[in-house]
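Notes follow in the order in which I checked them.

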Amino acid sequence: MRLAGPLRVVVIVLTAGLTWILVSVLLGTQSSFSRLQQFLLNSPENTPATEPRPKKYKCGLPQSCPEHSFAFRMTSGAANVIGPKICLEDKMLMSSMKDNVGRGLNIALVNGVNGELIDAKSFDMWAGDVNELLKFIRSLHEGTLVFVASYDDPATKMNEEARKIFTELGSKFARELAFRDSWIFVGAKGVQDKSPFEQHMRNSRSSNKYEGWPEALEMEGCIPQRTTEVL
């Protein structure tokens, strides 16, 4: 008889506990056990180790450029839908977001000593006037860097003089550039050899990525800085 009181208390406590759990389940609330389980599962010991993000350098390059060089990344346009991009030293020189790209050839002129942008323009090579392009690239100063990215059609209005100038700037493909080819190129006024920074993709029905256009091209690298002032 002496245990009746304690047993009654235990029974009451157990009944209250079971009632609380039942009410929690019916009401959709989370039980203390669930909270404890979630806490344990989310503890540092049970959290999977996340892979560290790879470090990105200027213009998103996977590694930094050597001293006295300029980091760059550029892409040609994709078909006639997505415009080209030209980035130098973490500064976007030309892009759709800057609203300074267009169909044809997109060209940024850069001082080869300090990396400062001199000018950036687009030239419509389908319905535009090639003389506008020639005025832009005829009288470049020695050492000027020339970044070129195609968009849609880079070549319909291209004439022999324009092809010759780009070839003198170091291009290997300017003379064979054709309708709707993809082309990206970095040259310089006064360069002695062919530029190592150039890509060309022909417009071909058998290999085009897009209907009527080849795939977009992308290129990145480090351009040596000139040590003498551009005149």
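I began with the link of Cys59 and Cys87, which is left-handed, with -85° about the S-S bond. The model is predicted, and in it the S to S distance of this disulfide is 2.1 Å. I then looked up where the two ends sit.

I checked the accessibility of both ends. Cys59 has a relative accessible area of 9%, and Cys87 has one of 8%.

How many disulfides does the count come to? I got two. The other entry is Cys65 with Cys222, whose sulfur atoms are 2.0 Å apart. The link of Cys65 and Cys222 is left-handed, with -85° about the S-S bond. This pair links distant parts of the chain: Cys65 is in the loop between α2 and β1, Cys222 is in strand β9 (residues 218-224), and they are 157 residues apart. Cys222 has 27% relative accessibility, so I listed Cys222 as partly exposed.

I also wrote down the pairing pattern. With the bonded cysteines of the protein numbered in sequence order, the pattern is 1-3, 2-4.

Next I turned to helix α3, which spans residues 130-137. Which of its residues are buried? I found Val130, Leu133, Leu134, Phe136 and Ile137. Looking down the axis of α3, I noted that these buried residues fall within an arc of 160°, so they line one face of the helix. What do the buried residues of α3 pack against? I recorded β4 (104-110), β5 (117-123) and α4 (160-168) as their partners.

I looked at the start of α3 as well. There, a side-chain oxygen of Asp129 comes to within 3.0 Å of the backbone nitrogen of Asn131.

Last, I searched for cavities. The search gave one cavity of 30 Å³ or more. For the largest cavity I noted a volume of about 50 Å³. Which residues line the largest cavity? I listed Gly77, Ala79, Ser150, Tyr151 and Asp152, together with Arg180, Asp181, Ser182, Trp213 and Pro214.

Conventions
Residues are numbered from 1 along each chain as its sequence is written. This is a predicted model: local features need pLDDT of at least 70, side-chain atom pairs count only at pLDDT 80 or more; totals for chains, interfaces and linings use all residues. Side-chain values use heavy atoms; hydrogens and water are left out. Buried means under 20% relative accessible area, exposed over 50%, partly exposed in between (1.4 Å probe, protein chains only). Helices (H or I, at least four residues) and strands (E, at least two) are DSSP runs, numbered from the N terminus. The arc is that of the directions from the helix axis to the C-beta atoms. Contact means heavy atoms within 4.5 Å. A polar contact is a pair of N or O atoms within 3.5 Å; within protein, one must be able to donate a hydrogen and the other to accept it, and residues adjacent in sequence count only if both atoms are side-chain atoms. A disulfide is a pair of cysteine sulfur atoms within 2.5 Å. On a 1 Å grid over the protein atoms alone, a cavity is a set of points where a 1.4 Å probe fits but cannot get out, and a pocket is an open set with protein on both sides within 12 Å along at least five of seven lines; lining residues have an atom within 4 Å of a point. Grid points are joined across faces, edges and corners, and a volume is the space filled by probe spheres set on the points.
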